[in-house]
Amino acid sequence: MTEMLSLKESVLVYLDRSGGLQKLAEDCKPFNDPQQIEAVYKFCISVNPSDVIEVDPILGDCVLREPLKATALFQSVCFLAIKTLSLVEKIHTESQVNIILKLTHLPPFPEYTLDLCSFPRGYGPMRPVSMEGLVIAMTRVTKYTRGAKFLCINDDCPCSTGFHHIRVHAPGATESATVRNNFSCMICSSQLKEDVKFRVLGDKQLVELIHIKALDALRAHQQSSLRYQSVTLFLRDELCNSMRIGRLYRVLGIPAHVHQWPNITWSVEANSIQPWEPECPCEVSASFRRLLEATAGSRWRFSAIVAHCFGLDVTPPGLYNTLKLTLLLSLVQTRADAKDTFHNLDLLVVTTDTLILDRLITYSLSLVCRGVKHQSSGEMFASLSRDEHGAGTANIHAGSALLATGGICMLGDLGCYKKDRLDALQSVLESGTVSMFIPGKKYGEDADQQLSFPVQCSFWALTDSTDASRRSGRSDCAVLGTAEMGPIPSQLADAFGLVIQCKDMLGEQALLAQTIHTLQQAVQPGKPLYPSCWEFSTQDYKELVAHAQSLQVELSPEAEKIIHGYYMASRRVRAQSQGVKMSVASIKLLISLAEAHCKLCLRTRVLEEDAVIAVLLCENSVTLKHGASALVIPPDAVFPCDLEDMDGLHRRDDTLEELYQNILRFIYAYAPGADTYITEE
């Protein structure tokens, strides 16, 4: 008894020092409404374990090791404070005070950390733990009984009136533990019946959390024999709708074993939730720093060499340089900023060799923290099932695109998809959201429901133009006319941000180079195949991408004028000659490409050269979809020549400078008012 009094005194001291008593008084004011009469009154108290330990180490140990006992102590003290200060006259018994302790943090020790890769199987202490993971499924918000009042059926018993028998929800308890018809009176042992008008309902939501490493199995790059098990979180009341599918979170919660005969399930009652991002290396390797110094005299060469030497495990240098560059641009641009605004860069690759390019894109997927390779037979966006934890509501499972939130979703060859899947993809690319219809009758609701989820990832896709070219009886002409997009409709191609055509410009010579590259890798694995190239490892590229993603860039006035001028000129020319309307999305694409090239070059200010690369890539993309305009550029304008030696780099610099002047002339000639903000050079 003496120990309990001492602990309650410590609770009172802590509440006084932390401002908890003042907050308790503020929280009591809404409960004084005469129209509001409830059996249970809920109070959330913020608890800092470090501060509690300073007040009383025994109380701090109780908070961290025996949360139910600590809750009872706070409940007793808060009830005494409410009665002593006359804060709520309608509270008559201690059991009417429902206290929820919200922990600010936990000690950074292994005992308080739950690794979802190896979470315990078996009975253990119900101590608070911290865990980090990815949301892969969640239910709709449903109701649960937070508290209920019971009366004794014996009229002579004092418990037949008043608030003597109050049941409140405890962590890990099922609905039957709070409300059922076989409770007995603690005085006369008669049966209790619920006073239904005093039942207090709350909101409940179930969330499936899994370790982030589970996504490695979805990259299709490395196979593992490991299996990952998700854990079920119970979110209650104010925590409902605080988590989103596909996002990463750090959760403080209390593990519990839920008994539902004949099964016992292991779950966690969430206590507090915070968004979380894993730490990624952000230092650029020494090899890339040396390359940056060596190419300081040219504004085009660093990104060219980075793309030229990229993916040498899959293809020899010189092949698919434009695709390699755009893959890197998409990698560094796919991110969410501090304001939760998502930046992405979708790619559609038109090719005659889907096998090699599928390998190259799969290799690129391994460089990003969040990457998912979608299987055409799987679910792309979301699917429904019935909840298995007794709620009876719809459980929404994340598809590949939602699992890739904040990263890349690789779709592969679009020729493998049915029309309904392609239509759904086009809708998501245009709107940025996916809608989910939930039939009410099937999932225990009175009305149907339509939910929308934001899709925040970049899509990479391939389309084979071989069959389409053979059927049409003509070859592709990227300069004078449009290219065949394979089996996909033109509206879907327009929905993608950037279309890249990978056509073997060298014919048999390129095929021979790829064949030799593949055979040498098979015969001499791990041996450097191209000693003349700069040597960059996969880890070097991972660090480069991570660092470039973290850069905050700003658009210079010069680059902004080029982007704006090209957009106005191209919109005017194409509307007059082709009847094609350049949408506002084109401006966003141009800015996104320029920012990405700036980041890849490890700068924080978008310059004219970044805008020029963006214009060339965008013009090539629009030409593939709608035909050439008055700005006639080569089919592979960003890499117009071979880069095997220094002469090739010099020729590329000269060609890009010439194309830069052509862009300025195009803007000056066709953009209304361009002469007021661009000087003809």
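Predicted model: local features only at pLDDT ≥ 70, side-chain atom pairs only at ≥ 80, totals over all residues.
Asp642 sits in the loop that runs between helix α19 (608-626) and helix α20 (646-670).

## Leu21 in helix α2

Leu21 is part of helix α2, which spans residues 20-28. Is Leu21 buried, partly exposed or exposed? With a relative accessible area of 24%, Leu21 counts as partly exposed, because the buried class is kept for values under 20%.

Which residues does Leu21 touch, apart from its neighbours within four places in sequence? The contacts of Leu21 are with Leu12, Leu15, Asp16 and Ala81. Cys78 lies 57 residues from Leu21 along the chain, and the C-alpha atoms of these two residues are 8.2 Å apart.

## The protein as a whole

The protein has 681 residues, and 52% of them count as buried. Its secondary structure consists of 20 helices and 23 strands.

Contacts can also be sorted by distance along the sequence. Among those between residues at least 6 apart in sequence, 72% link residues at least 24 apart. The accessible surface of the protein is about 31600 Å², and carbon and sulfur atoms account for 52% of that area.

Notes. Residues numbered from 1 in each chain as written. Heavy atoms only, no water. Helix = DSSP H or I, 4+ residues; strand = E, 2+ residues; numbered from the N terminus. Buried < 20%, exposed > 50% of the residue type's maximum accessible area, 1.4 Å probe, protein only. Contact = heavy atoms within 4.5 Å. Areas by Shrake-Rupley, 256 points an atom, 1.4 Å probe, with all protein chains shown as cover.
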